[in-house]
Amino acid sequence: MSVFTTLTLPEVQDFLQDFSIGEVTELKGIAAGITNTNYFVITETCRYVLTIFEANTIDELPYFVDLMAHLAEHNIPCPEPIADKHGVALQEIEGKPALLVSCLQGRDVSEPDAAQCAQVGRMLAHMHLAGDAFGQQSNNQRDAAWRSNTAAQVMGKVSADERVLLQQVLAFQDNLDLDSLPRGVIHGDLFRDNVLFDGAALGGFIDFYYACHDVLAYDVAIAVNDWCLTESGGFDEPRLNAFMQSYIEVRPFNEGEKQAWQGLLCIAALRFWLSRLYDFHFPAEGELTHAKDPDYFKNILLKRATPSAL
């Protein structure tokens with residue numbers, strides 16, 4: 001994540017004095033991403049991640065903390081919340097909510113192969129099944145209403161051709177009936193930079209702060225729109241087939257999901273084009289921040305849009 005809240009090593013050492021993690025010896029800001037502030041917190045024996053939430057109130061966050069704990073208990077590799085000596089995980093620093101979590105082994109991959117895509121697809125399906133036993137629900141922060149509202153905010157900032165594209169795809173979205181599709185816990189942002197590989201093995205999923213209760217196949221569409229691309233924005237068929245085959249071996253798509261698939265790919269691309277447009281035209285201030293190129297996802301959207309959407 002980008003660094004919007006600047007902290008010093010002494011501040012973090014003082015903040016974490018009630019945690020049984022040993023002496024904090026180093027603090028490193030993490031530059032990737034655009035929503036929250038993240039630091040590596042390094043002790044003599046271990047590494048953790050400290051997240052400072054820039055847009056959430058502390059009352060909005062127990063869902064994410066409890067979800068990560070639930071998934072970890074169900075053998076889904078993900079960051080585990082670390083509680084202080086009083087059993088409290090959610091904290092506050094600089095007037096903002098903060099959470100310390102375990103740091104998974106591995107690093108993200110920029111050019112995944114078919115075997116890696118297969119591992120991600122399989123684990124995503126297991127995550128969806130594990131979510132069935134999670135008793136809490138949270139609404140999607142980036143749902144259809146958000147997409148419509150955000151489109152209205154950026155409409156005056158984009159070109160005439162882009163305005164037409166937005167209007168056409170929003171109209172398509174309004175007519176896309178997803179009510180009967182299976183729903184459950186979704187990650188909501190399972191891009192390559194949110195998955196770690198430790199050598200050839202999957203290290204785990206990170207950054208669950210867009211997780212929510214929504215259409216499961218939509219989560220798959222979000223993932224393959226990033227994991228299975230060619231340079232031109234089309235699909236790399238071997239990687240796509242590996243991802244999808246591994247997913248459906250664990251959780252098969254029903255007929256409704258199969259019928260809605262192209263539409264889900266389209267609105268998944270719309271969601272990320274809109275978030276990039278918003279961040280580009282209304283940037284937040286902070287250290288180590290970077291706005292991602294909106295045209296990247298506009299191109300993907302053009303590849304995904306069905307004839308009825310244009």
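In which helix is the place of Leu-301?

Modeller: This is a predicted model, in which local features need pLDDT of at least 70, side-chain atom pairs count only at pLDDT 80 or more, and totals for chains, interfaces and linings use all residues. Residues are numbered from 1 along each chain as its sequence is written, and side-chain values use heavy atoms, with hydrogens and water left out.

Leu-301 is in helix 9, residues 294-304 (helices are DSSP runs of H or I with at least four residues, strands are runs of E with at least two, and both are numbered from the N terminus). Leu-301 counts as buried because its relative accessibility is 0% (buried means under 20% relative accessible area, exposed over 50%, partly exposed in between, with a 1.4 Å probe and protein chains only). Apart from neighbours within four places in sequence, Leu-301 is in contact with Leu-165, Val-169, Cys-266, Ala-269, Leu-270 and Trp-273 (contact means heavy atoms within 4.5 Å). Val-185 lies 116 residues from Leu-301 along the chain, and 24 Å separates their C-alpha atoms.

Asp-226 counts as buried because its relative accessibility is 5%. Residues up to four places away in sequence aside, Asp-226 touches Phe-191, Arg-192 and Tyr-296.

Helix 6 (residues 216-227) also has a partner: its axis comes within 11 Å of the axis of helix 3 (residues 114-130), and the two cross at roughly 160° (axes are lines fitted to C-alpha atoms, for helices over the stretch in contact, with angles from 0 to 180 degrees between N-to-C directions). Helix 3 and helix 6 are therefore roughly antiparallel to each other (angles over 145 degrees; under 35 is roughly parallel, 65 to 115 roughly perpendicular, the rest oblique). On the helix 3 side, Cys-117, Val-120, Leu-124, Met-127 and His-128 take part, and they meet Leu-216, Asp-219, Val-220, Ala-223 and Trp-227 of helix 6.

Five of them form an open sheet in the order 1-2-3-5-4, with antiparallel pairing (two strands pair if DSSP finds at least two bridges between them). At the edges are strand 1 (24-29) and strand 4 (91-93), each pairing on one side only. Direction ignored, neighbouring strands of this sheet are turned by 35° against each other on average.

Strand 3 (residues 47-52) has five of its six residues buried, so the rest of the structure largely encloses it. Six bridges join strand 3 to strand 2 (residues 37-43) in the antiparallel sense, and Thr-51 of strand 3 stands opposite Asn-38. Three residues lie between strand 2 and strand 3, which form a hairpin. Strand 3 also pairs with strand 5 (residues 96-102), antiparallel and over five bridges; here Leu-50 has Leu-100 as its bridge partner. Strand 5 in turn runs antiparallel to strand 4, and three bridges join them. Ala-98 in strand 5 stands opposite Gln-91.

Another hairpin is made by strand 7 and strand 8, with two residues between them, and Gly-199 in the turn has a positive phi of about 70°. Strand 7 (residues 195-198) and strand 8 pair in the antiparallel sense over four bridges, with Asp-198 opposite Ala-201 of strand 8. Four of the five residues of strand 8 (residues 201-205) are buried, so strand 8 is largely enclosed by the rest of the structure.
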